[in-house]
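Dear colleague,

Please find the structure below, handed over for your files.

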Amino acid sequence: MTSTLSPTGMKKLRDFKLSGMARTVPIRLEEAQSTPLSHQEFLELLLEDEASQRAENRRKNLYGSAHLPFEKGMEDFDFTFQPSVKKTEMLELATGNFISKRENVVFVGQPGTGKTHLSVALALSALGHGMSVLFTSVWDMITALEQSRADMSYHKKVSCYVKPDLLVLDELGYKSMAESTVEDFFEIVSKRYEKGSIIMTSNRPFGEWDKIFIDKTLTGAILDRLVHHCHIITIKGESYRVQQRLKTP
Ligand code: ADP
Ligand code: MG
């Protein structure tokens with residue numbers, strides 16, 4: 001005999017958003033008929049099903065809303081190729097402690113030296129620790145903020161960049177920014193200051209950031225907040241892409 005809950009019972013489970021239980025209740029009922037299960041054991045099994053479904057949903061949501069451009073971890077990074085990156089420092093950052101302490105990380109280095117790869121690896125570790133992450137290029141963020149002013153959703157957009165435990169801002173420095181976009185950028189950095197971590201990557205050393213942000217006072221204010229509690233990783237090495245290309249005949 002197939003055991004299941006009545007349609008009303010199933011509807012109630014769904015209405016109460018107990019989808020984990022709704023999914024497994026027919027299996028658990030059948031199990032309860034063929035194996036001697038106490039009422040307590042039966043209830044605990046169902047509660048466990050609900051808990052693991054919720055954990056899985058949360059995991060999927062975290063990964064989905066992180067918008068990572070690819071998935072490469074620390075284990076995929078060849079530290080022997082880039083000796084200026086200290087493996088011990090990266091593994092320490094991968095513990096996620098810097099995020100709990102609301103510290104920042106800035107990677108500075110030439111194109112192809114692994115800045116995005118390492119940022120993604122740290123983002124993946126953070127997700128693994130159950131922390132929320134948002135990955136975006138600087139350009140996409142300032143464009144989205146600029147557009148949000150037009151449709152009056154600016155404050156909502158700002159909160160998207162302020163809320164996650166970790167915000168990864170990739171590729172600062174390819175283009176100089178217009179004054180209003182620098183202000184938007186400053187808004188995010190100052191709102192996250194001592195409240196949430198930022199990982200930033202740039203192909204330009206700090207000394208050249210006034211060429212990106214143009215305004216010297218704003219550049220100072222951004223740098224001040226960003227580097228106050230910050231791990232600065234300067235990658236001095238060759239482009240991995242170029243090396244790979246040279247190796248391929
Ligand atoms: P950047 O952001 O500094 O321009 P990327 O992180 O995008 O560089 O790296 C370019 C490509 O080379 C990526 O596919 C990345 O995975 C790979 N790469 C870079 N450095 C290393 C490394 N040391 N070990 C393995 N792969 C690397
Ligand atoms: Mg990059």
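Axes here are lines fitted to C-alpha atoms, for helices over the stretch in contact, and angles run from 0 to 180 degrees between N-to-C directions. Helices (H or I, at least four residues) and strands (E, at least two) are DSSP runs, numbered from the N terminus. This is a predicted model, in which local features need pLDDT of at least 70 and side-chain atom pairs count only at pLDDT 80 or more, while totals for chains, interfaces and linings use all residues. Residues are numbered from 1 along each chain as its sequence is written, chains are lettered from A and ligands numbered from 1 in the order in which they are written, and side-chain values use heavy atoms, with hydrogens and water left out.

Domains. By an automatic or database domain assignment, the protein chain is divided into domain 1 (7-63) and domain 2 (67-247). Their C-alpha centres lie 41 Å apart.

Helix packing. Helix α7 (residues 138-150) packs against helix α9 (residues 179-192) at an angle of about 105°, and their axes are 10 Å apart. The two helices are therefore roughly perpendicular to each other (angles of 65 to 115 degrees count as such). In their contact (heavy atoms within 4.5 Å), α7 contributes Val-138, Met-141, Ile-142, Leu-145, Glu-146 and Arg-149, and α9 contributes Ser-180, Thr-181, Asp-184, Phe-185 and Ile-188. By class, this contact has six nonpolar, two polar and three charged residues. Ala, Val, Leu, Ile, Met, Phe, Trp, Tyr, Cys and Pro count as nonpolar, Asp, Glu, Lys and Arg as charged, and the others, Gly among them, as polar.

Pocket and cavity. On a 1 Å grid over the protein atoms alone, a cavity is a set of points where a 1.4 Å probe fits but cannot get out, and a pocket is an open set with protein on both sides within 12 Å along at least five of seven lines; lining residues have an atom within 4 Å of a point.

The largest pocket holds about 430 Å³ of space. It is lined by 21 residues, of which Gly-112, Gly-114, Lys-115, His-117 and Arg-241 are the closest to its centre. Helix α6 gives the most to this lining, with three residues. The lining divides into six nonpolar, eight polar and seven charged residues.

One cavity of 30 Å³ or more is found in the whole structure. The largest cavity has a volume of about 70 Å³, and its lining includes Arg-102, Asn-104, Tyr-193 and His-229. At least two lining residues each come from α9 and α11 (216-227).

With kind regards

Methods: Parallel < 35°, antiparallel > 145°, perpendicular 65-115°, else oblique. Points joined across faces, edges and corners; volume = space filled by probe spheres on them.
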